[in-house]
Amino acid sequence: MGKVTGFLEFERMERKYAPVAERLKHWGEFVEPLGESATKTQAARCMDCGVPYCHTGCPVNNQIPDWNDLVFHGDWKQAALNLHSTNNFPEITGRICPAPCEAACTLNIDDSPVAIKTIECAIADRAFEEGWTTPDLPARRTGKRIAIVGSGPAGMAAAQQLARVGHEVHVYEKHAKPGGLLRYGIPDFKMEKDVIDRRVRQMESEGVTFHCNVHVGKTITTQELADTHDALLLAGGSERPFDFFVSTPGRELAGLHFAMDFLPQQNRRVSGEIPPAITDPSDILAKDKHVIVIGGGDTGSDCIGTSLRQGAKSVTQLEIMPKPPVREDKTLSWPHWPLKLRISTSQAEGAAVEYSVSTTGFSGENGRVTKLHYVQVDARMQPIPGTEAELPADLVLFAMGFSGPLEDDVVSDLSLPVVPRGRFKGIDANERDYRVPGQPKVFAAGDIRRGQSLVVWAIREGRQAAQSIDTFLMGTSTLPR
């Protein structure tokens with residue numbers, strides 16, 4: 001424990017954001033780091049609890065009190081080693097994770113948890129700046145070949161773990177660059193893509209081979225990969241979006257799009273993968289438009305921030321759920337993730353957010369949407385008579401989540417069952433060994449298995465699947481479970 005009375009002496013402090021007017025002018029990250037001294041002070045607030053609930057709040061079970069203590073004492077290099085022992089990509093989770101560890105922090109009982117996410121990101125970024133994050137080469141090669149389908153966080157975590165114990169690892173990505181959702185779904189203002197690129201370079205140095213623009217199940221059969229490798233891991237995403245408006249009046253109008261048709265386009269423009277000059281009529285743009293975002297989660301917020309940076313005339317976000325309380329009931333929720341009102345950085349940039357609203361239809365002119373029709377709903381989400389209204393809408397973005405994996409490539413290629421997991425679906429593999437039933441050497445991890453989830457959960461599943469694959473190939477494994 002760094003400072004016994006630290007949590008009594010120091011107030012919680014987080015990273016600051018650049019002013020809205022400034023950050024809306026560019027696509028880069030706008031979070032301003034605390035600095036070494038302030039970060040050490042925040043680390044001093046950690047109580048080193050006898051039962052550190054932050055461990056269980058964190059899906060990868062980061063040893064949070066340990067590296068908080070190391071930061072407080074100035075041993076940043078050891079802190080980085082400790083952090084990387086449980087998390088392959090802390091610089092990513094330190095940017096985009098919602099921090100369930102902070103919700104579980106003992107100090108969150110008093111609404112002032114340790115700034116765990118801020119400290120995590122500071123450790124990871126410093127490790128790169130100081131040159132401590134170097135390729136971790138295996139002591140020997142096993143001669144085993146592994147194919148991984150999907151280069152998102154689950155696939156990348158598994159690939160790195162398996163390469164480090166000496167296996168030959170090949171990662172297949174259907175898009176032009178590795179990263180999956182990290183690269184094509186998350187806007188650059190939340191995470192610039194050189195964060196991914198430097199990890200890819202490290203992994204290539206460790207022996208991982210990336211095969212991009214290869215759509216497994218389309219340009220190459222999944223069985224071909226299984227036949228030419230000793231193990232196959234399916235680590236694709238949950239890409240099938242929910243569409244609750246299939247039978248809604250006006251659904252055929254132009255200007256209605258899924259979020260994941262909108263967001264990747266802008267990411268490709270920023271990276272130069274497609275030209276920034278807009279000439280293609282298929283481009284989805286918010287400039288000078290009234291934009292409606294349906295869905296109140298992270299994807300919806302990403303649509304807001306992207307629309308505002310593109311120059312939208314107005315942005316309104318609609319959420320069918322009632323407005324959450326500003327403060328949760330700690331006696332009912334702690335140390336679990338609480339339901340409470342959260343204002344995202346994108347919402348704070350100028351969006352109007354409406355709760356308890358159900359969309360009833362769309363109308364337009366000349367085949368394009370111009371209005372969205374809605375009704376207020378009660379606590380049971382039933383329409384309230386007499387509350388019907390409309391909003392101007394030139395672009396409507398559906399950000400209501402994803403139901404499961406696409407079923408026209410690897411799933412159909414191997415005739416795999418896709419089973420319900422709550423309101424989502426995933427490949428039928430369990431968390432004990434990640435084996436796909438009926439497939440002798442096929443494994444599944446990440447969103448394709450568990451359904452839509454957090455990046456940190458994908459990293460956890462990739463790491464655990466790697467341990468299972470290593471055990472399958474070698475009879476035992478030294479990889480952490």
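Modeller: Start with the pair formed by helix 6 (residues 76-84) and helix 9 (residues 116-129). Their axes come within 9 Å and cross at roughly 110°. An angle of 65 to 115 degrees counts as roughly perpendicular, so helix 6 and helix 9 are roughly perpendicular to each other. Bear in mind that this is a predicted model.

Now the residues. Helix 6 brings Trp-76, Ala-79, Ala-80, Leu-83 and His-84 to the contact. Helix 9 answers with Glu-120, Ala-122, Ile-123, Ala-124, Arg-126 and Ala-127. By type, the residues of this contact divide into eight nonpolar, one polar and two charged.

Look next at Ile-123. Leaving aside neighbours within four places in sequence, Ile-123 is in contact with Trp-76, Ala-79, Ala-80 and Leu-83, and also with Trp-67 and Val-71. Ile-123 also belongs to the largest nonpolar core, which has 62 residues. Within that core, Ile-123, Ile-148 and Leu-233 touch the most other members. The largest share of the core, eight residues, comes from helix 19 (residues 455-474). Another core lies apart from it, with 20 residues, including Tyr-172, Leu-232, Val-411 and Ala-429.

Helix 5 comes next. Its buried residues are Ile-64, Pro-65, Trp-67, Asn-68, Leu-70 and Val-71. These buried residues pack against helix 6 and helix 9, and also against helix 3 (36-43), helix 4 (53-57) and helix 8 (100-104). Two of the buried residues in helix 5, Trp-67 and Val-71, are among the contacts of Ile-123.

Asn-68 sits in helix 5 (residues 64-72). Its relative accessibility is 0%, so Asn-68 counts as buried. Beyond neighbours within four places in sequence, Asn-68 is in contact with Ala-43, Cys-46, Val-114 and Ile-119. After helix 5 comes Gly-74, with a positive phi near 80°.

Move to the other end of the pair. Glu-130 is in the loop between helix 9 and strand 3 (145-149). At 42% relative accessibility, Glu-130 counts as partly exposed. Glu-130 and Lys-77 are 53 residues apart along the chain, yet their C-alpha atoms are separated by 8.8 Å.

For contrast, take Pro-385. Pro-385 lies in the loop between strand 13 (368-376) and strand 14 (389-392). Its relative accessibility is 73%, so Pro-385 counts as exposed. Pro-385 and Ala-444 are 59 residues apart along the chain, and 47 Å separates their C-alpha atoms.

Last, the setting. The chain has 19 helices and 19 strands. Its radius of gyration is 23 Å, close to the 23 Å that the globule rule gives for 481 residues, so the chain is as compact as a globular protein of that length. Along the principal axes, the C-alpha atoms fill a box of roughly 65 × 60 × 45 Å. Buried residues make up 52% of the 481 residues. Among contacts with a separation of 6 or more, 68% join residues 24 or more positions apart.

Note on methods. Residues are numbered from 1 along each chain as its sequence is written. This is a predicted model: local features need pLDDT of at least 70, side-chain atom pairs count only at pLDDT 80 or more; totals for chains, interfaces and linings use all residues. Side-chain values use heavy atoms; hydrogens and water are left out. Axes are lines fitted to C-alpha atoms, for helices over the stretch in contact, and angles run from 0 to 180 degrees between N-to-C directions. Helices (H or I, at least four residues) and strands (E, at least two) are DSSP runs, numbered from the N terminus. Angles under 35 degrees count as roughly parallel, over 145 as roughly antiparallel, 65 to 115 as roughly perpendicular and the rest as oblique. Contact means heavy atoms within 4.5 Å. Ala, Val, Leu, Ile, Met, Phe, Trp, Tyr, Cys and Pro count as nonpolar, Asp, Glu, Lys and Arg as charged, and the others, Gly among them, as polar. A nonpolar core is a set of buried Ala, Val, Leu, Ile, Met, Phe, Trp, Tyr and Cys residues joined through side-chain atoms within 4.5 Å. Buried means under 20% relative accessible area, exposed over 50%, partly exposed in between (1.4 Å probe, protein chains only). The radius of gyration is taken over C-alpha atoms; the globule rule is 2.2 Å times the number of residues to the power 0.38.
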